[in-house]
Amino acid sequence: MGDTTLPQQPLVDALVFDWGGVMTVSVPEFVGEWLHAEAVDRAVYQRIMREWMSRDALPGNPVARLETGELTVPEFERLLAAELITTNGAKIDENGLLKRMFGGATPDPAMVELVRKARAAGLHTALLSNSWGEGYPKELLIELFDTVVISGRIGLRKPDERIYRHTLDQIGVEASRAVFFDDAPLNVDAARAVGMHAFRHTTADDTRAHLATLGVNP
């Protein structure tokens with residue numbers, strides 16, 4: 001017999017996913033490859049990211065401005081390169097810095113298959129991503145998602161509640177009928193605050209298990 005504690009009918013109509021670290025291999029994995037390849041001082045990099053991305057990050061920090069489109073990629077790369085140091089004394093090349101940093105951010109085949117099956121089953125699939133440039137695989141996004149919301153295109157970023165409400169409006173569902181997955185707890189908490197089901201993504205298997213509790217079995 002099956003697990004009768006799980007709902008027989010889906011409790012949600014829409015599945016919303018972050019990109020980096022959810023639809024791709026983990027952020028520590030691909031960033032770690034870049035840090036090693038360019039001998040970037042890991043402690044310095046982590047300090048900068050805490051200052052620019054943590055719950056205590058000041059408004060108007062470079063990451064916030066990049067993700068809302070206020071800073072261009074070259075402007076952000078210049079600021080980041082000026083902060084980074086290497087363990088071998090080499091200078092960080094600002095040109096193409098983000099492309100190199102995200103070079104290993106390849107799609108996770110298990111997540112691609114999960115979203116592909118969910119969409120084929122008739123669920124509305126959406127991407128909600130804070131953008132560090134426009135390095136998304138366009139054809140894959142077209143294949144996987146009914147709705148695509150990129151922060152830099154609309155001037156809003158997670159965890160601003162307005163970007164979640166904008167996404168729900170684009171999908172055309174109530175918050176309670178959508179589930180959101182992100183690898184950043186801050187963004188997950190913000191989605192819950194607007195009434196969405198929301199979970200922190202760690203692996204495709206864990207995300208699949210969370211979906212099962214909502215009656216979704218892609």
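# Reading the terms of this predicted model

Me: Why is Ala 81 called buried?

Reply: Ala 81 has a relative accessible area of 12%, and buried means under 20% (over 50% is exposed, and in between is partly exposed; 1.4 Å probe, protein chains only). Ala 81 is therefore buried. The model is predicted, so local features need pLDDT of at least 70 and side-chain atom pairs count only at pLDDT 80 or more, while totals for chains, interfaces and linings use all residues. Residues are numbered from 1 along each chain as its sequence is written, and side-chain values use heavy atoms, with hydrogens and water left out.

Me: Where does Ala 81 lie, and what is Ala 81 in contact with beyond its sequence neighbours?

Reply: Ala 81 belongs to helix α4, residues 73-83. Helices (H or I, at least four residues) and strands (E, at least two) are DSSP runs, numbered from the N terminus. Neighbours within four places in sequence left aside, Ala 81 is in contact (heavy atoms within 4.5 Å) with Ile 92, Glu 94 and Leu 97. The C-alpha atom of Ala 81 is separated by 8.5 Å from that of Lys 91, 10 residues apart along the chain.

Me: How do you know that Thr 125 is buried?

Reply: The relative accessible area of Thr 125 is 0%, which meets the limit for buried. Thr 125 lies in strand β2, residues 124-129. Apart from neighbours within four places in sequence, its contacts include Leu 15, Val 115, Leu 144 and Thr 147.

Me: What makes the five strands an open sheet, and which of them stand at the edges?

Reply: The strands follow the order β3-β2-β1-β4-β5, with parallel pairing. Each of β3 (147-150) and β5 (197-200) has a single partner strand, so one side of each is without a neighbour in the sheet, and these two stand at the edges. Neighbouring strands are turned by 15 degrees against each other on average, direction ignored.

Me: Why do β2 and β3 count as paired?

Reply: Two strands pair if DSSP finds at least two bridges between them, and four bridges join β2 to β3. Leu 128 has Val 149 in β3 as its bridge partner, and Leu 127 stands opposite Val 148 in β3. From β2 the chain crosses through helix α7 (residues 138-144) to β3 in a right-handed β-α-β crossover.

Me: What makes a crossover right-handed, and which elements form the unit that contains α10?

Reply: With the strands pointing away from the viewer, the path from the first strand over the helix to the second must run clockwise. β4, α10 and β5 form such a right-handed β-α-β unit. Four bridges join β4 to β5, which run parallel, and Phe 180 stands opposite Ala 198 in β5. Helix α10 (residues 185-193) lies across β4 and β5, at about 170 degrees to β5; axes are lines fitted to C-alpha atoms, for helices over the stretch in contact, and angles run from 0 to 180 degrees between N-to-C directions.

Me: How do you know that the buried residues of α11 are on the same side?

Reply: In α11 (residues 204-212), Ala 204, Thr 207, Leu 211 and Ala 212 are buried. They cover an arc of only 145 degrees around the axis, taken from the directions from the axis to the C-beta atoms, and this puts them on the same side of α11. Elements covering them include β1 (14-17), α6 (109-120) and β4 (178-182). α11 lies across β1, β4 and β5, at about 160 degrees to β4.
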